[in-house]
Amino acid sequence: RLGSRRNAVHQKGSMAQQSYRVSGKHGAVVRDGPETSSALVGTVPVLEVVRALEATTNSKGVERIKIEGATMTGWVSRRLLEKADAKKSKDLKIAVEWKDGDTTLKRLPAQAGPGG
């Protein structure tokens with residue numbers, strides 16, 4: 001049993017270079033490898049669109065995606081990404097809050113307008 005789990009953990013899949021939007025509240029931490037102990041590369045801000053290059057599950061069972069962003073390439077948690085959909089992005093609304101000089105972006109649910 002252990003051997004089959006170990007093999008599953010390290011299986012890698014090729015992504016069809018799908019576009020994703022960073023949906024994590026504070027953006028996404030980018031690492032050099034799929035493990036959370038891998039070296040920090042940087043962060044990608046919330047709402048930035050990135051390209052998925054590869055997917056894997058790390059040794060802790062967390063799904064990780066290798067992304068290519070505007071300024072960096074590396075691994076992020078899959079739960080911090082959502083598929084970038086042009087139709088949905090037009091309906092995206094952002095609320096900005098100011099707290100002690102820091103900007104907080106919050107996603108608001110899209111609301112249907114008149115007739116839709």
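This note goes through the predicted model point by point, from overall confidence down to single residues.

1. **Ground rules.** This is a predicted model, in which local features need pLDDT of at least 70 and side-chain atom pairs count only at pLDDT 80 or more, while totals for chains, interfaces and linings use all residues. Residues are numbered from 1 along each chain as its sequence is written, and side-chain values use heavy atoms, with hydrogens and water left out.

2. **Confidence.** pLDDT is the predictor's confidence in each residue, from 0 to 100. The protein has a mean pLDDT of 76. Of its residues, 59% reach 70 or more. Confidence is highest in β7, at 97. Helix α1 (residues 2-9) is where confidence is lowest, with a mean of 39. Residues 1-11 have pLDDT below 50. Beyond near neighbours in sequence, that stretch has nine contacts in the model. A contact means heavy atoms within 4.5 Å.

3. **Layout.** The protein contains two helices and ten strands. Both kinds of element are DSSP runs, numbered from the N terminus: helices are H or I with at least four residues, strands are E with at least two. Along the sequence the order is α-β-β-β-β-β-β-β-β-α-β-β. Among contacts with a separation of 6 or more, 50% come from residues 24 or more positions apart.

4. The accessible surface of the protein is about 7,900 Å². Carbon and sulfur atoms hold 49% of that surface. Areas come from the Shrake-Rupley method with a 1.4 Å probe, and for residues only the protein chains shown count as cover. Buried means under 20% relative accessible area, exposed means over 50%, and partly exposed lies in between (1.4 Å probe, protein chains only). Of the 116 residues, 27% count as buried.

5. Side chains alternate along β3 (residues 28-31). A28 and V30 point to one face and are buried. Strand β4 (residues 40-44) runs antiparallel to β3, and four bridges join the two. Two strands pair if DSSP finds at least two bridges between them. R31 has L40 in β4 as its bridge partner.

6. **L47.** This residue sits in the loop between β4 and β5. Phi of L47 is near 80°, a positive value in a residue other than glycine. Most residues other than glycine have a negative phi. L47 is partly exposed, because its relative accessible area is 23%. The backbone at L47 deserves a look on screen.

7. **E63 and its contacts.** E63 lies in strand β6 (residues 63-68). With a relative accessible area of 40%, E63 is partly exposed. Leaving out residues up to four places away in sequence, E63 touches T56, T57, V76, S77 and R78.

8. T56 belongs to strand β5 (residues 49-57). T56 counts as buried, because its relative accessibility is 6%. The C-alpha atoms of T56 and R78 are separated by 9.5 Å, and the two residues are 22 apart along the chain. S77 is in strand β7 (residues 73-77). S77 is also buried, at 8% relative accessible area. Apart from neighbours within four places in sequence, S77 contacts V62, E63 and R64.

9. **Salt bridge E82–R21.** The structure holds two salt bridges. A salt bridge is a side-chain nitrogen of Lys or Arg within 4 Å of a carboxyl oxygen of Asp or Glu. In one of them, the side chains of E82 and R21 meet at 3.6 Å, N to O. This pair links distant parts of the chain: E82 is in strand β8 (residues 81-83), R21 is in strand β2 (residues 19-22), and they are 61 residues apart. E82 counts as partly exposed at 22% relative accessibility, whereas R21 is buried at 8%.

10. **Salt bridge R51–E68.** R51 forms a salt bridge with E68, and the closest N and O atoms are 1.8 Å apart. R51 lies in β5 and E68 in β6, so the pair ties together parts 17 residues apart in sequence. R51 is partly exposed, with a relative accessible area of 29%. E68 is partly exposed too, at 30%.
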